[in-house]
Amino acid sequence: MAAARSSPLVAPRAVSAWPSNRGSRSYCGLRVKSARREVPALGFPKAARLLKTDEFSSVFSLRPLRRTAHFVLYMRWREAAPDTPADATPQEGRIGIVVGKKHAPRAVTRNLIKRQAREMFRQRRATLAGWDFVLRLTRRFDKGTYTAAAAPVLNTLCQTEFAQLFDAAEKAARKRRASEDKTQGS
């Protein structure tokens with residue numbers, strides 16, 4: 001095998017003309033350095049997700065905060081760890097998303113719903129600090145409403161329902177913050 005690699009009969013590797021992911025580009029065999037732009041991190045880190053069964057069940061044990069035509073949002077205040085200093089900033093919000101095959105049989109639809117929910121939560125995560133959320137799909141979408149699994153109509157419908165749910169969550173978070181401020185002030 002080693003002899004076959006060094007033999008002149010083996011073709012050399014092709015050089016790609018497509019831009020590489022290392023910050024330099026190759027056009028017609030010439031390497032050109034490209035300017036790297038600093039882009040803010042817009043990802044969805046693991047710290048922003050509920051991952052364990054216990055975390056999900058602790059949020060599910062409470063009554064739902066708000067319901068829409070297809071979704072239910074559960075919300076739970078997360079207590080600070082005992083060894084956390086009093087002046088520490090509150091932890092940012094976390095979310096768990098439950099979209100079962102029973103209500104969204106196509107993987108494309110399930111992924112679209114999860115992606116939309118994560119994006120809506122990511123935009124509002126700082127205002128929802130200290131809370132754990134579980135977003136759950138409870139009803140199947142009517143097939144007459146949309147033709148394709150990732151139709152723009154479904155996308156818009158999900159966005160409007162998520163906006164309603166997270167608006168209610170922000171309102172509840174502000175209410176809790178205001179009550180805590182009153183107790184600390186007196």
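Visitor: Is Phe-162 buried or exposed?

Guide: This is a predicted model. In it, Phe-162 counts as buried, because its relative accessibility is 0%.

Visitor: Which aromatic pair does Phe-162 form?

Guide: Phe-162 pairs with Phe-71 in a tilted arrangement, at 4.8 Å centre to centre and with 55° between the planes. Phe-71 belongs to strand 4 and Phe-162 to helix 4, so this pair ties together parts that are 91 residues apart in sequence. Phe-71 is buried as well, with a relative accessible area of 1%.

Visitor: Which residues do ring pairs link into a cluster?

Guide: The cluster consists of Phe-71, Phe-141 and Phe-162.

Visitor: Which residues touch the most other members of the largest nonpolar core?

Guide: They are Phe-71, Phe-133 and Phe-162, in a core of 29 residues. Two or more residues come from each of strand 4, strand 5, helix 3, strand 6 and helix 4.

Visitor: Which element gives the most to this core?

Guide: Helix 4 does, with seven residues. There is also a second, separate core of six residues, and Leu-50, Phe-56, Val-59 and Val-72 are among them.

Visitor: How many aromatic pairs does the structure hold?

Guide: It holds seven aromatic pairs. One of these is the edge-to-face pair of Phe-60 and Tyr-74, with 5.0 Å centre to centre and 75° between the planes. Phe-60 is in helix 2 and Tyr-74 in strand 4, 14 residues apart. Phe-60 is partly exposed, with a relative accessible area of 31%, whereas Tyr-74 is buried, at 8%.

Visitor: One last topic: where is Leu-128 found?

Guide: Leu-128 is in the loop between helix 3 and strand 6. Leu-128 is buried, because its relative accessible area is 0%. Its contacts beyond four places in sequence include Phe-121, Phe-133, Phe-166 and Ala-173. The C-alpha atoms of Leu-128 and Ala-173 are separated by 6.5 Å, although these residues are 45 residues apart along the chain.

Notes
Residues numbered from 1 in each chain as written. Predicted model: local features only at pLDDT ≥ 70, side-chain atom pairs only at ≥ 80, totals over all residues. Heavy atoms only, no water. Core = buried A, V, L, I, M, F, W, Y, C linked by side-chain atoms within 4.5 Å. Buried < 20%, exposed > 50% of the residue type's maximum accessible area, 1.4 Å probe, protein only. Helix = DSSP H or I, 4+ residues; strand = E, 2+ residues; numbered from the N terminus. Contact = heavy atoms within 4.5 Å. Phe/Tyr/Trp six-rings, centres within 6.5 Å; stacked < 30°, edge-to-face > 60°.
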